[in-house]
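Please walk through the following protein with an eye to how its parts pack together.

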Amino acid sequence: MTTVRVLLVDDQPLLRTGFRLILEAEADLAVVGEAGDGAAAVELTRSLLPDVVLMDIRMPGVDGIEATRRIIREGAASHDPRVLILTTFDLDEYVIEAVRAGASGFLLKDSPPEDLVQAIRIVAEGDAIVAPSVTRRLLDKFANRLPAVRDAAPPPGLDTLTQREREVLSHVARGQSNAEIAAELVVSETTVKTHVGNVLAKLGLRDRVQAVVYAYETGLSRPGQS
């Protein structure tokens with residue numbers, strides 16, 4: 001069994017202790033360090049080489065967004081750590097910026113322990129967490145901050161996608177899993193996974209989270225669509 005190395009980053013020691021207790025109860029997860037601010041998180045990522053950084057957003061000094069940006073930038077030259085953002089509903093606008101900084105997903109701080117554990121495993125495997133309820137709330141609430149859709153020309157890169165790839169991207173933007181997309185399109189999960197991979201490669205996107213943001217920013221998906 002491969003052990004996933006996790007770095008906990010939160011300015012509240014009690015929360016870090018709670019997360020540690022949850023994660024260390026799992027045989028395949030190991031907490032390798034803790035940080036109380038973004039600057040310490042960047043330093044510990046360099047020295048401890050965690051697979052996943054569980055990152056709070058609002059912290060003193062260097063916040064979670066800037067820390068994520070630095071970790072992802074430095075990781076490209078060495079190992080490839082993944083950042084999982086912890087948020088609450090009243091911090092929605094920060095999450096979009098964290099995704100743009102390279103985060104692989106976001107989770108609510110009051111999520112059940114089993115959701116936290118599963119999210120870390122999924123992110124460690126190179127996938128991303130796009131929870132439909134959180135995603136739709138984020139993008140609906142901040143739709144007025146997204147660029148206006150231009151009807152005259154397709155968004156950059158969108159014309160490189162096939163019709164089926166655009167369709168799959170629309171489903172991804174709703175926060176649907178490969179299994180849910182496969183059921184709706186009546187195809188195999190393997191086929192959906194292939195389409196998602198093609199979309200990410202053609203658009204130069206890191207993962208499904210960035211695909212969600214792209215779909216909304218370009219107008220392929222819009223707040224209120226089901």
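Two strands pair if DSSP finds at least two bridges between them. Helices (H or I, at least four residues) and strands (E, at least two) are DSSP runs, numbered from the N terminus. This is a predicted model, in which local features need pLDDT of at least 70 and side-chain atom pairs count only at pLDDT 80 or more, while totals for chains, interfaces and linings use all residues. Residues are numbered from 1 along each chain as its sequence is written, and side-chain values use heavy atoms, with hydrogens and water left out.

The protein has ten helices and five strands. Of its 226 residues, 47% count as buried, where buried means under 20% relative accessible area with a 1.4 Å probe, protein chains only.

Strand E4 has a partner in E3 and another in E5. E3 and E4 pair in the parallel sense over five bridges, and Leu 54 stands opposite Leu 84 in E4. E4 and strand E5 (residues 105-108) also run parallel, joined by four bridges; here Leu 84 has Gly 105 of E5 as its bridge partner.

In a regular strand the side chains alternate between the two faces of the sheet. On one side of E4 lie Arg 82, Leu 84 and Leu 86, on the other Val 83, Ile 85 and Thr 87, and all are buried. Because six of the six residues of E4 are buried, this strand is largely enclosed by the rest of the structure.

Val 83 and Ile 85 also belong to the largest nonpolar core, which has 25 residues; they are among those with the most contacts inside it, as are Val 9, Val 53, Met 55 and Ile 71. A nonpolar core is a set of buried Ala, Val, Leu, Ile, Met, Phe, Trp, Tyr and Cys residues joined through side-chain atoms within 4.5 Å. Among the elements that give two or more residues to this core are strands E1 (4-9), E3 (52-56) and E4 (82-87) and helix H10 (208-217). A second, separate core of 20 residues includes Ala 182, Val 192, Leu 203 and Ala 215.

Elsewhere, the axes of helix H7 (residues 163-173) and helix H9 (residues 189-203) come within 9 Å and cross at roughly 95°. Axes are lines fitted to C-alpha atoms, for helices over the stretch in contact, and angles run from 0 to 180 degrees between N-to-C directions. H7 and H9 are therefore roughly perpendicular to each other, a term that covers 65 to 115 degrees.

Methods. Parallel < 35°, antiparallel > 145°, perpendicular 65-115°, else oblique. Buried < 20%, exposed > 50% of the residue type's maximum accessible area, 1.4 Å probe, protein only.
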